[in-house]
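The exercises below ask the reader to work from the coordinates to a classification, one step at a time. Each task is followed by its solution.

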Amino acid sequence: MSDLSMLMDMGFAQSQAETALRVTGNKGVEPAMEWLLAHSDANEPVPQEAFGDGGNNSEGLEAQTGATETLDEDPQAQDVLLQAKSLKCDECNKKFRTDSEVEFHAVKTGHQSFSESSEEVKPLSEEEKKEQLKKLETIIKQRRAEKAEQESKEALEREKSRRKTGQELTHVRQKMQEEEIKQLAELKKREKLEAKLAKQRVLEQIERDKQARREKFGMAAPNPPATSPIVPEKEIVSPAPSQTYDECRIQVRLTNGQCLTHTFRPNEELAAVRLFVQMNRTDGSAPFSLMTNFPKKVFTEEDMNAPLNSLGLVPSAVLIVCKPQ
């Protein structure tokens, strides 16, 4: 809102507000308001030096002289001037000094009935000027507070919108990661199934080759003994004693071709290996994942809390540094 609009909202006429701003050099509402209160008397002239024209007002003096001569020659006009000292609103009985004040009041209130009045609008006293100044200062402070509150609300709304957008982006990223994990799991499942089918085809081919050789050489297929049932091999052969290891040797291949080798305890977690790589790697500090080449497996965050012996990395294993999965 401009300074002129603020002064007009406070009840000053447009001509008065423009004059006050021009006299005070357009330095703001408060200097203009103080000047208006100081020159609120209708009979008090505006200082000519305030306009910076050096007192050159010959045209105004000539017009004033001409008006005085006309009043001296026409007694009836002099009586009208003495009688009509103000303009009054017939609807609210408020008095005004100038036509511009009447126009502003009509636009602001919608009142249309005005008449001349012989009552003179009394100039404000010093106490009334100070009281009016306080009221105007209160209005200005209130307007500034309302503006600051509005800006604060707008900033809060922008922050809420930014957070909501961030949450939506995070949710989309999580969905994409979940889809990628599902696709990777499906791919691994298909690879295992294809490997199983390929192994089965190889066994079937071997069996067909054996059958073809038997038929070629007239050999009969071996029959099981009729007197005793076949004892499963797992019941005949005793299981080999499980061997325990006290150490686990891990070799890590970095992205630059170099290798890191270290010995861990079998019950240490995979996170210890990742920490060792982070502290000793020479291929940069970008995020990474660990994987095995055969069988191909990329370890996830859940695997980091598992011990090495449960992941099949004991007594030795080779891990490869790869991009985060």
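**Exercise 1.** Determine how close the charged side-chain atoms of Arg281 and Asp283 come, and decide whether each residue is buried or exposed.

*Solution.* In this predicted model, the closest N and O atoms of Arg281 and Asp283 are 2.7 Å apart, and the two residues form a salt bridge. The relative accessible area of Arg281 is 15%, so Arg281 is buried. For Asp283 the corresponding value is 19%, and because buried means under 20%, Asp283 is buried as well.

**Exercise 2.** Find the salt-bridge partners of Glu301 and Glu207, and classify the accessibility of the residues involved.

*Solution.* Begin with Glu301, whose side chain meets that of Arg274 in a salt bridge with an N to O distance of 3.1 Å. This pair links distant parts of the chain, since Glu301 lies in the loop between strand 7 (297-298) and strand 8 (316-322), whereas Arg274 belongs to helix 9, 27 residues apart. With a relative accessible area of 56%, Glu301 is exposed, while Arg274, at 21% relative accessibility, counts as partly exposed.

Turn next to Glu207, which forms a salt bridge with Arg214, the closest N and O atoms being 3.8 Å apart; the cut-off for a salt bridge is 4 Å. Glu207 has 43% relative accessibility and therefore counts as partly exposed, but Arg214, at 16%, counts as buried.

**Exercise 3.** Which geometry does the aromatic pair of Phe264 and Phe276 adopt, and where in the chain do its members lie?

*Solution.* The structure holds one aromatic pair. The ring centres of Phe264 and Phe276 are 6.0 Å apart and the ring planes stand at 85°, so the pair is edge-to-face, given that angles over 60 degrees fall in that class. The pair links distant parts of the chain, with Phe264 in strand 5 (residues 259-264) and Phe276 in helix 9 (residues 270-280), twelve residues apart. Both Phe264 and Phe276 are buried.

**Exercise 4.** Describe the strand order and the pairing in the two open sheets, and identify the edge strands of each.

*Solution.* Take the sheet of three strands to start with: it is open, its order is 2-1-3, and its pairing is antiparallel. Strand 2 (95-96) and strand 3 (114-117) each have a single partner strand and stand at the edges, so one side of each is left without a neighbour in the sheet. Strand 1 (residues 86-89) pairs with strand 2 in the antiparallel sense over two bridges, and Lys88 has Lys95 in strand 2 as its bridge partner.

The other open sheet has five strands in the order 5-4-8-6-7, with mixed pairing. Its edge strands are strand 5 and strand 7, each of which pairs on one side only. Within this sheet, strand 6 (residues 289-292) and strand 8 pair in the antiparallel sense over three bridges, and Leu290 stands opposite Val321 in strand 8.

**Exercise 5.** Classify the crossing of helix 2 and helix 3 by angle and by hand.

*Solution.* The axes of helix 2 (residues 14-23) and helix 3 (residues 29-38) come within 8 Å and cross at roughly 115°. Helix 2 is therefore roughly perpendicular to helix 3. As to its hand, the crossing of helix 2 and helix 3 is right-handed.

Definitions and conventions. Residues numbered from 1 in each chain as written. Predicted model: local features only at pLDDT ≥ 70, side-chain atom pairs only at ≥ 80, totals over all residues. Heavy atoms only, no water. Pairing = 2+ DSSP bridges. Helix = DSSP H or I, 4+ residues; strand = E, 2+ residues; numbered from the N terminus. Phe/Tyr/Trp six-rings, centres within 6.5 Å; stacked < 30°, edge-to-face > 60°. Buried < 20%, exposed > 50% of the residue type's maximum accessible area, 1.4 Å probe, protein only. Axes fitted to C-alpha atoms, helices over the stretch in contact; angles between N-to-C directions. Parallel < 35°, antiparallel > 145°, perpendicular 65-115°, else oblique. Left-handed = near helix turned anticlockwise from the far one by under 90°.
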